[in-house]
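This report covers aromatic pairs, charges over rings, the nonpolar core and helix packing. The structure comes first, and the description follows it.

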Amino acid sequence: MTDFPQWMQQQASRAEGALASALPPAGVLPARLHEAMRYAALGGGKRVRPLLVHAAGELSGAAPQACDAAACAVELIHAYSLVHDDMPCMDDDDLRRGRPTVHKAYDEATALLVGDALQTQAFAVLADAPGVDAAIRIRLVGELARASGSSGMAGGQAIDLAHVGQAMSLSELETMHRMKTGALLRASIRMGALCGRIDDAQLDALDRYAAAVGLAFQVVDDILDVTADTATLGKTAGKDAEHDKPTYVSLLGLDQARQLAARLRTDAHEALAGFGAAARRLAELADLIVLRTH
């Protein structure tokens, strides 16, 4: 079997190709918008969500081609969320993936439209997914819509913005991040699995895995915000403290936040125990999420 770094590279390249094909060419009118969409979505990022789609697809026996549309759609939603999050009305950041954010490279109005267009393109990709049964395409659309909307990512961001400079309990923080970050990661896993053959009990186990890795992803993000530098992260370090945002580090302290990430990694592995070797890639991704340094 291909080793994990090589597998990651293959899947990331596959996702990059799917995104490049799904996005309108830069020279097609409106050219500036299309150029900015490609700037936002291509040539950077860890591609964690497409990796999760393909890992879950491998577990459920899905053909890689069947997972391509799901992986592409999830990453388009993620890219749109980053463009909007970086805008002055949200987190007001100048750097993303080691280069100027879209509103800095272009302008605020273009950035707003880029996010809107990337979001709608994600659903067009799913609607037209080749080699995927129509009933499954409908399920994929529903999974992504619920994960992206007011009960998922957008709702989590609203809670985040409402609590800048305000106290937040640990349970409130967890609820916010299960929506803001965890919902889209969960959707990635479920969508990949749904591209193959999976039963309800197995989906429940994958939901437990998703709950662990989704929360772990945010805990580690909070840790890196205070332990890594801007050059390593590719985005501005220390922004949470600067904006007086509640984080796992501010509530628990650095050591306990690290302990929580380690426990969540264990929880993720335990959720996969019943799948055996078929879950190898998902287990390796849990390790990657918790042990990453950027």
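## Aromatic pairs

Phe4 and Trp7 are both buried, where buried means under 20% relative accessible area, exposed over 50% and partly exposed in between, with a 1.4 Å probe and protein chains only. The model is predicted, so local features need pLDDT of at least 70 and side-chain atom pairs count only at pLDDT 80 or more, while totals for chains, interfaces and linings use all residues. Residues are numbered from 1 along each chain as its sequence is written, and side-chain values use heavy atoms, with hydrogens and water left out.

Phe4 and Trp7 lie in helix H1 (residues 4-22), three residues apart, about one turn of the helix. Helices (H or I, at least four residues) and strands (E, at least two) are DSSP runs, numbered from the N terminus. A pair of aromatic rings is described by the distance of the centres and the angle of the planes. Rings of Phe, Tyr and Trp (its six-membered ring) pair if their centres lie within 6.5 Å; planes under 30 degrees apart count as stacked, over 60 as edge-to-face and the rest as tilted. A search of the whole structure finds two such pairs.

| Pair | Centre to centre | Angle between planes | Class |
|---|---|---|---|
| Phe4 and Trp7 | 6.0 Å | 15 degrees | stacked |
| Tyr39 and Tyr106 | 5.6 Å | 75 degrees | edge-to-face |

Tyr106 is buried, with a relative accessible area of 14%.

## Charges over rings

A charge sits over a ring if NZ of Lys or CZ of Arg is within 6 Å of the ring centre and within 35 degrees of the ring normal. Arg99 lies over the face of Tyr39, at 4.2 Å from the ring centre. The charged end of Arg292 sits over the ring of Phe217, 4.1 Å from its centre.

Arg292 is in the segment after helix H15 (280-291). Is Arg292 buried or exposed? Arg292 is buried, at a relative accessible area of 10%. Arg292 and Phe217 are 75 residues apart in sequence and 9.5 Å apart in space, C-alpha to C-alpha.

## Nonpolar core

A nonpolar core is a set of buried Ala, Val, Leu, Ile, Met, Phe, Trp, Tyr and Cys residues joined through side-chain atoms within 4.5 Å. The largest one has 92 residues, and those with the most contacts inside it are Val114, Leu118, Leu144 and Tyr209. Helix H10 (residues 200-227) gives the most to this core, with 14 residues. Apart from neighbours within four places in sequence, the contacts of Leu118 include Leu23, Met37 and Leu76.

## Helix packing

Axes are lines fitted to C-alpha atoms, for helices over the stretch in contact, and angles run from 0 to 180 degrees between N-to-C directions. Angles under 35 degrees count as roughly parallel, over 145 as roughly antiparallel, 65 to 115 as roughly perpendicular and the rest as oblique.

H1 and helix H4 (residues 64-85) pack at about 70 degrees, with their axes 9 Å apart, and are therefore roughly perpendicular to each other. Among the residues in this contact are Ala18 of H1 and Leu76 of H4. The axes of helix H7 (residues 134-148) and helix H9 (residues 170-194) come within 8 Å and cross at roughly 170 degrees, so H7 and H9 are roughly antiparallel.

Methods. Contact means heavy atoms within 4.5 Å.
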